Amino acid sequence: MSFTLTRTPKPSTLLTKLINLNHSTRNFSTFIQTSNRSTTPKIIAITTSTTNFYHQHQQKQQHHRSLHQQSRNMSSSSSSEIKAQFSEGSDPTVLGPSLEKLLAAGGGKWTLTQEGVAIERTFKFKTFAKTWDFMTAVSLQCKLKNHHPEWSNVFNTTFIRWTTHVPKGLSSKDIELAAICDSLAKDFGETEPTESCAMPNLADRAVASSGDCCTPKHLKK
Ligand SMILES: C[C@H](O)[C@H](O)[C@H]1CNC2=NC(N)=NC(=O)C2=N1
């Protein structure tokens with residue numbers, strides 16, 4: 001069987017996939033090897049530069065996955081050691097059992113973080129529209145309770161952290177709103193999230209620049 005080197009006439013599934021991975025690859029000039037007799041060109045080999053790009057991409061993804069797995073392992077092992085810190089005025093005997101149900105130990109999906117003063121979780125949906133509708137529904141509940149989350153969103157994924165800033169710690173509002181998020185997410189057709197460390201980072205960056213939410217307006221300078 002002989003092979004000719006020919007410019008690809010139509011993007012194949014693989015090439016389309018590569019193009020989707022990074023639009024900068026649109027400019028690559030790809031050659032594929034096809035059989036002389038084949039009417040529909042079939043990819044037998046792709047040029048080194050494209051292959052390298054694909055392998056580099058896979059390596060980056062693998063690196064990202066392993067970094068994230070490490071951070072998940074660290075947070076899950078420390079999470080079981082973290083003790084919940086309830087905000088002043090809260091009754092731990094009332095809040096404790098409700099919090100337990102939200103955490104992995106009680107069958108929930110939330111993680112206790114930030115030395116016990118916060119709970120956080122990632123939500124994923126099929127589309128950006130569904131994600132945004134979910135966030136709108138959550139924001140209406142926030143308005144009703146006069147309590148806001150630390151959160152971030154990218155495309156179909158939303159990261160939510162509940163914590164009370166003043167008095168610092170976990171309050172009944174955090175626990176109630178976390179449970180409301182769970183139930184709203186179900187209504188909006190939540191899917192299984194692929195965790196990403198970038199989402200908490202985005203929320204942290206917003207926290208860093210948001211300033212103080214708790215000083216009444218008339219006392220603010
Ligand atoms: C004055 C008003 O009660 C405060 O600004 C509220 C508003 N929402 C809040 N949300 C959160 N997460 N923590 C707070 O301490 C808080 N305080």
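Helix 4 passes helix 5 in a right-handed crossing, meaning the near helix is turned clockwise from the far one by less than a right angle. Helices here are DSSP runs (H or I, at least four residues) numbered from the N terminus. This is a predicted model, with pLDDT of at least 70 needed for local features and 80 or more for side-chain atom pairs, while totals for chains, interfaces and linings use all residues. Residues are numbered from 1 along each chain as its sequence is written.

The axes of helix 4 (residues 128-145) and helix 5 (residues 172-187) come within 10 Å and cross at roughly 150°. Axes are lines fitted to C-alpha atoms over the stretch in contact, with angles running from 0 to 180 degrees between N-to-C directions. The two helices are therefore roughly antiparallel (angle over 145 degrees).

On the helix 4 side, Phe134, Ala137, Val138, Gln141 and Lys145 meet Lys173, Leu177, Ile180, Cys181, Leu184 and Ala185 of helix 5; contact takes C-beta atoms, placed from the backbone, within 7 Å. That set splits into eight nonpolar, one polar and two charged residues, where Ala, Val, Leu, Ile, Met, Phe, Trp, Tyr, Cys and Pro are nonpolar, Asp, Glu, Lys and Arg charged, and the others, Gly among them, polar.

Ile180, in helix 5, has 16 C-beta neighbours inside 10 Å and so counts as partly exposed (20 or more would be buried, 12 or fewer exposed). Ile180 and Ala137 sit 43 residues apart in sequence and 9.7 Å apart in space, C-alpha to C-alpha.

As for the ligand, its shell holds four nonpolar, six polar and no charged residues.

Conventions:
Parallel < 35°, antiparallel > 145°, perpendicular 65-115°, else oblique. Contact = placed C-beta atoms within 7 Å.
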